[in-house]
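Please keep the sequence and the model open side by side as you read.

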Amino acid sequence: MFAYVVRRILATIPVMAVVALFVFSLLYIAPGDPAAVIAGDQATPEDVERIRASLGLDRPYLVRFGAWVWDIMRGDLGVSIFTNLPVSTMIQQRIEPTLSLMVVTLLLAVSVAVPLGVLAAWKVGTWVDNAVMSFAVLAFSVPVFVVGYLLAYIFALELDWLPVQGYTAFSQGFWPWLENLILPAIALGSVYIALIARITRATMLEVLQQDYIRTARAKGAGQRSILFLHALKNAAVPIVTVIGIGIALLIGGAVVTESVFAIPGLGRLTVDAILRRDYPVIQGVVLLFSFVYVLVNLAIDLLYTLFDPRIRY
Amino acid sequence: MALLEVENLQTHFRGADGVNRAVDGVSFEVNSGETVAIVGESGCGKSVTAMSILRLIPEPPGKIAGSIRFNGKDLLKLSDREMRDIRGNEISMIFQEPMTSLNPVLTVGRQIGETLRLHQGMNKQQAEARAVEMLKLVGIPEPERRVKEYPHQLSGGMRQRVMIAIALACNPKLLIADEPTTALDVTIQAQILDLMRDLKRTVGAAIVIITHDLGVVAEVAERVIVMYAGRKVEEAEVGRLFRNPRHPYTQGLLGSMPKLGSSLTGEETRLQEIPGLVPSLKKKLDGCVFASRCAYATDLCLKVAPGLEEKAEGHIAACHYALKESVAA
């Protein structure tokens, strides 16, 4: 088990290397010249050239890549072209809102989607099942920002139950923190809920056909125990896998959600950085997101052993 | 009063292409401590009969009618809650597939303990301690270690022993065993049958054993019910049935049973077979259900369904011509 964890962590190195190469190249290929942007409208071609040299943009591709990787290895993500602040500092300032949003969304989505999926599988073919599946299709089809504005309009503007937008730090108290996150979490989580609920339903339907479910019934087990102990534990591996893969949805959705609800998180930072062609910031954030994604999926792989004793590492 | 009285049991399944009459008017009794075998080919309704007794048939599409009185209570009239109190407690069941009938993600101890906690109000420790005793009782070595293991760590025979331990944990009055040895190696089959016989003596449960293996029947049963196409066609005490089968179908079953070493002694090298297949259970037949495959069938058989008649003392069969004992030879 321990050896496996070490192996898996070591295996993330090549993955991250490929991600790094990709991130670096993407910006290299992308149109637009950061030097020109920084220099502004009034600059002469000589000014632009000078700025380019100072940023090291005139050096060959591989040299730049090597230097960049070397800096990252030492924990230096570079300095923002725009603010002149270290990228790591900028990420630190913005990470709390994003992390909060993701954790709240994750908890909300799992605690809503799994029971919904179980319910749909139990009541398969009835109106309950149809209602859950219709909701899932709807949630899949409506974009995050539409759900976000709709929720903000109804629950914040019309009903005045929750704040329209913004973010309050966790250090200011639990409720003020949560209050600001409820609507964004619902908006961001709706696709995620739909995804998890569908997988839960499909897996549960299969598991409920198994012989051991019949055995559980023959033992006199109640419906709740059959669904949530005998069946759900067997269905857990695919469900947990989808929860892990869905983290990518959350990362992508966070960027949009943070814009809609004016949350000063990494998503906003990314959008702003892209608009300003602030290469080091974009690279830093994308690398961080990739790393989180890889780590989450490693954690999920380890979770498997908890649900299924047949899986051993 | 018999322990179990099944009367005119009808289990039908409604499908897209009509109603499947899997069990169509079966009646029988099981007395306390008795072992009754239900035999027949695949698809004759044996398993559905067993599942109907515990009401394990999904409804819909299934529909169970008739009456099933257990200790005088009609099981079909009980609420789901009351039925759950009976399942695994007063009536328990062993299934054919030991490889898949145990939950792969729960320990053996937990699965045995579950019935004890459900029905005997035991706490976790008591249930676990009793689970160890049960494993010892069904002959599993090192029960203290095995109780913490998962089904995939056990062999097929061991798993069936665990199933038996689960079934007997609450000292049921009736044990229904649906093809308990079919999926096992021959040597293991014998062990499991011996175990069931021993446990019957110690626990005192009545057993309904469902099988298509007449060897198993001869081994354990006291009385035999032969089913065909959802009906009971013959019933007799085991020795009488083997010596003197009255229904042509039963004769066919016995004739298709291989005899050990028969090809070496050269007495009869070819097994008899019953030609044809079980008729569709979807349409209502006027005549005898077996007529299409029966060598003795006449016009009467095709038109009029024979009722169950007592052909000899304690020996009933549903055949117009079953009186002639010589048909067997």
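Predicted model: local features only at pLDDT ≥ 70, side-chain atom pairs only at ≥ 80, totals over all residues.

Residues are numbered from 1 along each chain as its sequence is written, while chains are lettered from A and ligands numbered from 1 in the order in which they are written.

**The sheets of chain B**

Helices (H or I, at least four residues) and strands (E, at least two) are DSSP runs, numbered from the N terminus. Two strands pair if DSSP finds at least two bridges between them. In general, strands of a sheet pair through backbone hydrogen bonds, either parallel or antiparallel.

Chain B has an open sheet of eight strands with mixed pairing, in the order β6-β7-β8-β3-β9-β10-β12-β11. Its edge strands are β6 (91-94) and β11 (309-312) of chain B, each pairing on one side only. From one strand to the next, the twist averages 20 degrees. Angles here run from 0 to 180 degrees between N-to-C directions, and axes are lines fitted to C-alpha atoms, for helices over the stretch in contact.

Helix α6 (residues 156-168) of chain B packs on this sheet and touches β6 and β7 (174-178) of chain B; its direction makes about 175 degrees with that of β6(B). Within the sheet, β3 (residues 35-39) and β9 (residues 223-228) of chain B run parallel and are joined by four bridges. There, B:V36 stands opposite B:R223 in β9(B). Helix α10 (residues 248-255) of chain B lies across β3, β9 and β10 (231-237) of chain B, at about 105 degrees to β9(B).

Another open sheet in chain B has four strands, antiparallel in pairing and ordered β2-β1-β4-β5. Here β2 (18-30) and β5 (73-74) of chain B are the edge strands, each pairing on one side only. Helix α1 (residues 46-53) of chain B packs on the sheet, touching β1, β2 and β4 of chain B, and its direction makes about 70 degrees with that of β2(B). Eight bridges connect the antiparallel strands β1 (residues 4-15) and β4 (residues 62-70) of chain B, and B:E7 stands opposite B:S67 in β4(B).

**Helix against helix**

In chain A, the axes of α8 (residues 174-208) and α10(A) come within 9 Å and cross at roughly 150 degrees. Two residues are in contact if their C-beta atoms, placed from the backbone, lie within 7 Å. Among the residues making this contact are A:L195, A:I199 and A:V207 of α8(A), and A:A231, A:I239 and A:V242 of α10(A). By class, the contact has twelve nonpolar, three polar and no charged residues. Ala, Val, Leu, Ile, Met, Phe, Trp, Tyr, Cys and Pro count as nonpolar, Asp, Glu, Lys and Arg as charged, and the others, Gly among them, as polar.

In chain B, helix α3 (residues 108-119) and helix α4 (residues 124-137) pack at an angle of about 115 degrees, with their axes 8 Å apart. α3(B) and α4(B) are therefore roughly perpendicular to each other (65 to 115 degrees counts as such). Their contact includes B:I112 and B:L116 of α3(B) and B:A131 and B:M134 of α4(B).

**Where the chains meet**

The contact between the chains takes 19 residues from chain A and 24 residues from chain B. On the side of chain A, α9 (211-218) and α10 (223-245) each supply at least two residues. α9(A) gives the most, with seven residues.

A residue is buried if 20 or more other C-beta atoms lie within 10 Å of its own, exposed if 12 or fewer, and partly exposed in between, with C-beta atoms placed from the backbone.

| Residue | Other C-beta atoms within 10 Å | Class |
|---|---|---|
| A:A262 | 13 atoms | partly exposed |
| B:A229 | 25 atoms | buried |

What does B:C319 touch, not counting residues up to four places away in sequence? Its partners are B:R246, B:H247, B:P248 and B:P306. B:C319 lies in the segment after β12 (315-317) of chain B.

Key. Parallel < 35°, antiparallel > 145°, perpendicular 65-115°, else oblique.
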